[in-house]
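Here are a few exercises to work through with the model open beside you. Try each task before you read its solution.

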Amino acid sequence: MAVENYKGYLVLSGVKWIEDKNTITITCYPKKNTYADGSKTTYKLATKTWINECPTCKGKNWPSKGNLFGFGEKGKWFGKEGGVKCKVCDADFCGVTGRDTLNNVVKRKLTEVGANSDDNGVINTPVDLTEKEVLLPIARLEDMYNRGKAYAKKNPNEKEFKVYVDFETKKEYVSWSKVKKLKSELATRVEAYKKEHNVDPINIWIVKPKDLQW
Ligand SMILES: [Zn+2]
């Protein structure tokens, strides 16, 4: 697999992340095949958005939010597959499962944005991704556009509404006007990406980070 330089780390091609005070969104490979609770992973790129709060040192440090960052291979840190690290307590997490990578650790796990969480009740309402620097799979955008179009046709008086990213789980949504805008820009952005990278993109940024051309 091709290796590239990303934000000062060596990573496998396609691995990327972006953090802010509240969330970290990462596209990476899982760190393990099997975790201590027996759960298994598939070795392929996945994009997840986690609440930027370390479950290992939460409550022991202030501020507890905003301490997580994405990492790859650099110096004493290894892992070209990408992962999430806490700058306060040094804990490592798998970016795909959110699990602590230490052996035999079952409970400590990152909280996925939009997931219903019984143990800490962080988020129970769908998260608005309209203004977030988050990658959206292009196939998902097409699906959202088609659902939005069908809804708009049935409800001609509604000019703006939520389009859920996944209609089954209804965890996250993007506003209809933004979905339409992304769809209208899609061809141009795919073309620009292909020119730069020589491959078809699989994702599109909902809000493009300032340092990226495509
Ligand atoms: Zn920590």
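**Exercise 1: Domains**

The protein splits into domain 1 (3-93) and domain 2 (127-205), with bounds that come from an automatic or database domain assignment. Before you start, note that this is a predicted model: local features need pLDDT of at least 70, side-chain atom pairs count only at pLDDT 80 or more, and totals for chains, interfaces and linings use all residues. Residues are numbered from 1 along each chain as its sequence is written.

Task: describe how domain 1 and domain 2 are placed and how they touch.

Solution. Step one: take the centres over C-alpha atoms; those of domain 1 and domain 2 are 25 Å apart. Step two: list the residues in contact (C-beta atoms, placed from the backbone, within 7 Å). Five residues of domain 1 and four residues of domain 2 take part. Step three: look at the domain 1 side, where β4 and β5 each supply at least two residues. That side holds one nonpolar, four polar and no charged residues, where Ala, Val, Leu, Ile, Met, Phe, Trp, Tyr, Cys and Pro count as nonpolar, Asp, Glu, Lys and Arg as charged, and the others, Gly among them, as polar.

**Exercise 2: Strands**

Task: work out the order and direction of the sheet that contains β3, β4 and β5.

Solution. Step one: find the strands, which are DSSP runs of E of at least two residues, numbered from the N terminus. Step two: pair them, asking for at least two DSSP bridges between two strands. β3 and β4 run antiparallel and are joined by four bridges; for instance, Ile-18 has Thr-25 in β4 as its bridge partner. Step three: read off the open sheet, ordered β3-β4-β5 with antiparallel pairing. β3 and β5 are the edge strands, each pairing on one side only.

**Exercise 3: The largest nonpolar core**

Task: which residues of the largest nonpolar core touch the most other members?

Solution. Step one: collect buried Ala, Val, Leu, Ile, Met, Phe, Trp, Tyr and Cys residues joined through C-beta atoms within 7 Å; buried means that 20 or more other C-beta atoms lie within 10 Å of a residue's own. Step two: the largest set has 36 residues, and Val-84, Leu-129 and Val-174 touch the most other members. Elements that each supply at least two residues include β7 (83-86) and β12 (172-175). Step three: check the domains; domain 1 and domain 2 each give this core at least three residues. Step four: leaving aside neighbours within four places in sequence, Leu-129 is in contact with Val-134, Val-165, Glu-172, Tyr-173, Val-174 and Ile-206.

Definitions and conventions
Buried ≥ 20, exposed ≤ 12 C-beta atoms within 10 Å, placed from the backbone. Contact = placed C-beta atoms within 7 Å.
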